[in-house]
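Keep the viewer open as you read.

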Amino acid sequence: MCGVAGFFQIAPGGFDRAEAAVRVSRMAQAIHHRGPDSGGDWIDAEAGVALGHRRLAIVDLSQAGHQPMISAADRFVISYNGEIYNHLDLRARLEAEAGPQRWRGHSDTETLVAGFDHWGIEKTIAQAVGMFAIAVWDKKRRVLSLWRDRLGEKPMYYGRQGGVFLFGSELAALRAHPDCGFDIDRGALVQMLRHGHVGEGLSILRGIHKLPPGHMLELTTPEATPRPYWQAAALAADRGRPRRVPQDPQAATDALEALLLRATNRQMMSSDVPLGAFLSGGVDSSLVVALMQHLSSNPVHSFSIGFQETRYDEAGFARAVAAHLGTRHTEHYVSDRDLLDVVPQLATMFSEPFADSSQIPTFLVSKLARAHVTVALSGDGGDELFCGYDRYGQGARMMQQLGRVPQGLRGMGGAALRAVPAPIWNGLLNPLRPQPEGKEPNGQRLHRLADYAASPSDEALHRKLVSRWRWPEQGVLNATEPPSLLAEDLPPRGDLSTAERMMQLDLITYLPDDILAKVDRAAMAVSLETRAPLLDHTVAEFALALPLDMKLRDGQSKWLLRQVLYRHVPPALIERPKMGFEVPIGLWLRGALRDWAAALLEPARLNRDGIFNTPQIRRMWSQHLKGSHNWGLQLWPVLMFQSWYEAARKDAA
């Protein structure tokens with residue numbers, strides 16, 4: 001795993017080689033944590049291009065894997081972050097088609113540039129299986145192009161700032177260039193309040209974007225726009241056609257297990273450094289660890305995080321799975337000291353505001369793993385591809401039931417329920433339904449369910465289900481929420497059912513913008529590479545072609561994935577209500593993190609910055625402390641922005 005950085009001067013003249021070397025070096029140094037082993041740069045002063053790189057040596061630890069790397073034909077120069085798991089297969093194809101090659105080493109980077117020389121960039125990418133963010137300069141055409149992997153495991157930021165086009169693995173790399181502005185995109189901040197992250201190609205800074213998954217950008221004009229080379233939404237809408245999958249459950253289980261074994265084996269083999277895995281004890285991580293142990297002659301090193309709050313703790317389940325599989329298991333329980341140490345680091349760790357509170361245990365388990373290994377496999381992707389989230393089944397049932405009631409009547413009923421203040425509902429409902437530890441009070445929950453009931457479509461319901469703030473414009477001054485793939489810019493649906501539509505939307509938004517961004521930044525903060533066998537695109541294409549009843553059957557989620565798992569782990573160790581990697585952020589904000597949060601939400605500070613609606617934020621904070629509401633999920637994005645903004649403004653000064 002590595003860090004990419006660089007710039008291309010669009011405006012003619014004034015490119016000084018020595019100054020460019022300093023600037024690109026600073027950009028790369030800003031993401032030193034992504035590649036602490038070595039760094040380098042390549043500059044073409046005449047063309048006005050500078051490529052920088054930071055390396056975490058994983059495959060080929062020698063200098064033969066150093067980047068930026070120039071192809072043997074002296075045409076292509078690459079700065080690349082990721083792993084190509086089938087690069088040895090690609091080498092064999094090159095040897096068969098082009099004859100013997102003079103390989104300098106055995107890095108996948110060298111395989112890529114050799115492929116560029118022989119097949120061209122796009123044909124090479126089409127054959128590559130892996131995760132990647134690539135910047136490549138074509139000396140012959142004098143064109144810079146950027147590429148991001150199909151499902152969005154690796155990040156790539158880019159944007160024109162004045163006469164310079166900047167790009168890099170993290171926003172911090174771009175901000176290290178003196179031409180990068182510091183203009184907060186308030187629309188993106190509204191989106192962050194809604195979802196807890198800035199996604200869908202935006203960044204928190206105006207004019208800086210993220211390359212979408214499965215897209216490339218070729219800078220042939222100053223205003224070049226990304227174009228897709230692989231489209232998850234279209235494949236989902238077409239149900240993975242033309243790929244054929246077995247319709248018989250036994251044959252489908254055999255086929256999926258074979259695909260997963262191949263994907264896991266490739267990801268285990270593509271490493272010259274110690275390797276382990278995250279293990280929560282849930283379906284996805286247990287399956288990955290089980291396949292790893294099946295393929296390994298030695299105990300796999302597994303890692304898990306536990307919580308003192310019993311309702312949120314899965315460490316015991318992970319421990320039981322590890323004991324059954326015979327892994328070398330290490331666990332760590334989160335303490336108040338951990339919280340107080342980690343939370344101040346989050347602003348710089350994520351380089352732009354990010355507010356999925358499971359970022360805390362993700363960082364801690366990454367730190368735990370990095371003390372022992374350099375690469376860790378995870379179970380990411382199973383929920384979005386195999387119907388794992390409860391909201392898919394619940395949403396489908398809800399829309400079926402709501403369809404029996406006229407929309408107008410639903411809207412009036414929901415409005416009537418919300419008209420009664422939540423504290424009054426608490427008094428009425430608490431004797432009938434005890435409030436679960438750390439969860440929202442009954443009145444707040446009833447208001448939320450009433451809002452769901454007013455949804456006119458399953459897309460509208462899905463957007464509410466994945467929203468923290470229902471009306472986030474109320475929290476940010478002078479801001480309008482940008483168009484979204486979840487509302488105004490919905491992708492083609494085809495004949496997808498409600499549950500399938502929700503999976504499709506999560507696959508192109510929540511998965512890359514939240515889950516994968518969280519894991520990448522948290523792991524890279526400690527220079528740990530993470531890999532996700534379930535996101536091998538051949539596995540994804542197989543999953544997208546499966547009928548829904550092989551994913552959700554008799555109320556059981558991830559049905560086919562479970563059939564593979566139960567060949568390795570007894571159902572009794574797995575079957576329990578889904579918990580997810582949830583943390584008790586509401587409790588923490590009333591406890592160990594209260595003083596930290598209170599300082600960031602001081603009225604004077606909010607008023608000085610002029611970004612948030614101070615009365616609205618203060619009202620929510622007061623209600624949260626009193627316990628009439630649990631606004632932990634809603635306040636966390638505000639706190640993460642405040643923390644980031646304070647640090648970033650100092651850097652920009």
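## A proline in a loop

P68 sits in the loop that links β3 (49-55) and β4 (69-70). This is a predicted model, and in it the peptide bond leading from Q67 into P68 is cis, with omega near -5°. For background, most peptide bonds are trans.

## Two residues with positive phi

Next, have a look at the backbone. Most residues other than glycine have a negative phi. E200 is not a glycine, yet its phi is positive, at about 55°. You will find E200 in the loop between α6 (186-195) and β10 (209-210).

K558 is another residue other than glycine with a positive phi, here near 50°. The loop that holds K558 runs between α22 (537-545) and α23 (559-565).

How does the surface exposure of these residues work out? With a relative accessible area of 24%, E200 is classed as partly exposed, because that class lies between the cut-offs of 20% and 50%. K558 has a relative accessible area of 4% and is therefore buried, since buried means under 20%.

## A nonpolar patch on the surface

Now turn to the surface, where V405, L409 and M412 form a nonpolar patch. Together these three residues have about 290 Å² of accessible area.

One of them, M412, belongs to helix α16 (residues 407-419). Is M412 buried or exposed? Its relative accessibility is 57%, so M412 counts as exposed; the cut-off for that class is over 50%.

Definitions and conventions: Residues numbered from 1 in each chain as written. Predicted model: local features only at pLDDT ≥ 70, side-chain atom pairs only at ≥ 80, totals over all residues. Heavy atoms only, no water. Patch = residues over 30% accessible without salt bridge, like charges linked within 9 Å, V, L, I, M, F, W, Y side chains within 5 Å. Areas by Shrake-Rupley, 256 points an atom, 1.4 Å probe, with all protein chains shown as cover. Salt bridge = Lys/Arg side-chain N within 4 Å of Asp/Glu carboxyl O. Helix = DSSP H or I, 4+ residues; strand = E, 2+ residues; numbered from the N terminus. Buried < 20%, exposed > 50% of the residue type's maximum accessible area, 1.4 Å probe, protein only.
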